[in-house]
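Please keep the sequence and the structure in view while reading.

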Amino acid sequence: MAGNGKAALVVLAGPAGVGKSTVVSRLRAEVPGLYFSVSMTTRSPRPGEVDGRDYFFVSPEDFQERIDAGEMLEWAEIHGGLQRSGTPRRPVEEAREAGRPVLVEVDLAGARSIREVEPNAHLLFLAPPSWEILVERLTGRGTETEAQVKRRLETARVEMDAQGEFDQVVVNDDVDKAVEAIARALTASGN
Ligand code: ADP
């Protein structure tokens, strides 16, 4: 690795249904040393959730202190402002300094925020082969209601229009090829 020797920080975004969870689980199994960023949240753990593995669970006061201290790479209010969640900076930094590539999965707003505070982050947009295929995957998954699908597709339009802001667009046509392209970005130098 050249320059400051830090491992890469790859920020993955893309519309719901494009295949993010699918490629993330493959990358976690296949990229040696990969750190998949754990989000921090003010909501309570659900049964079976483990602090530090599923989320870092913190109080609203603690979360606010971290925002004030510049310790969040990105964060957002969820559920109409009742809760907050985001990406803590420190675990990401520690992993990169230890030579472990970092993958963060965020939405468009999250990707934009990370760009602001980490100019050397590699922003990667996972795109569907076509709009029709995105609609098929989203409905074919069968995990959301018709109203939810409609809402996700409205958001997807906005996200698709923003792909020009990303450093790299990977089309998720063949999963193996998409995984390979993202793995390459992860194992490149982080400078
Ligand atoms: P996301 O996490 O982006 O919402 P998912 O990983 O849940 O998307 O994928 C949505 C659906 O598309 C799932 O049913 C998944 O199996 C399927 N899928 C993902 N990648 C591909 C691909 N390259 N070709 C065909 N189907 C795919």
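In this predicted model, the axes of helix α1 (residues 20–30) and helix α7 (residues 175–187) come within 10 Å and cross at roughly 55 degrees. On the side of α1 the meeting residues are Thr22, Val23, Arg26, Leu27 and Glu30, while α7 brings Val175, Asp176, Ala178, Val179, Ile182, Ala183 and Leu186. The residues of this contact between α1 and α7 comprise eight nonpolar, one polar and three charged.

A second pair is formed by helix α5 (residues 131–140) and helix α6 (residues 146–161), whose crossing is also right-handed, with axes that come within 11 Å. Here Trp131, Leu134, Val135, Leu138 and Thr139 of α5 make the contact with Val149, Arg152, Leu153, Ala156, Arg157 and Met160 of α6, and these residues divide into eight nonpolar, one polar and two charged.

The axis values of the two pairs are set out below.

| Helix pair | Axes come within | Crossing angle |
|---|---|---|
| α1 and α7 | 10 Å | roughly 55 degrees |
| α5 and α6 | 11 Å | roughly 145 degrees |

Turning to the annotation, an unreviewed UniProt entry marks Gly14, Pro15, Ala16, Gly17, Val18, Gly19, Lys20 and Ser21 as "binding site". From this set, the lining of the largest pocket takes in Gly14, Pro15, Ala16, Gly17, Val18, Gly19, Lys20 and Ser21. One of these residues, Gly19, is placed in the loop between β1 (9–13) and α1.

Definitions and conventions:
Residues are numbered from 1 along each chain as its sequence is written. This is a predicted model: local features need pLDDT of at least 70, side-chain atom pairs count only at pLDDT 80 or more; totals for chains, interfaces and linings use all residues. Side-chain values use heavy atoms; hydrogens and water are left out. Axes are lines fitted to C-alpha atoms, for helices over the stretch in contact, and angles run from 0 to 180 degrees between N-to-C directions. Helices (H or I, at least four residues) and strands (E, at least two) are DSSP runs, numbered from the N terminus. Contact means heavy atoms within 4.5 Å. Ala, Val, Leu, Ile, Met, Phe, Trp, Tyr, Cys and Pro count as nonpolar, Asp, Glu, Lys and Arg as charged, and the others, Gly among them, as polar. UniProt positions are given in the numbering used here, feature names are shortened, and annotations may be inferred rather than shown by experiment. On a 1 Å grid over the protein atoms alone, a cavity is a set of points where a 1.4 Å probe fits but cannot get out, and a pocket is an open set with protein on both sides within 12 Å along at least five of seven lines; lining residues have an atom within 4 Å of a point. A crossing is left-handed if the near helix is turned anticlockwise from the far one by less than a right angle, and right-handed if clockwise.
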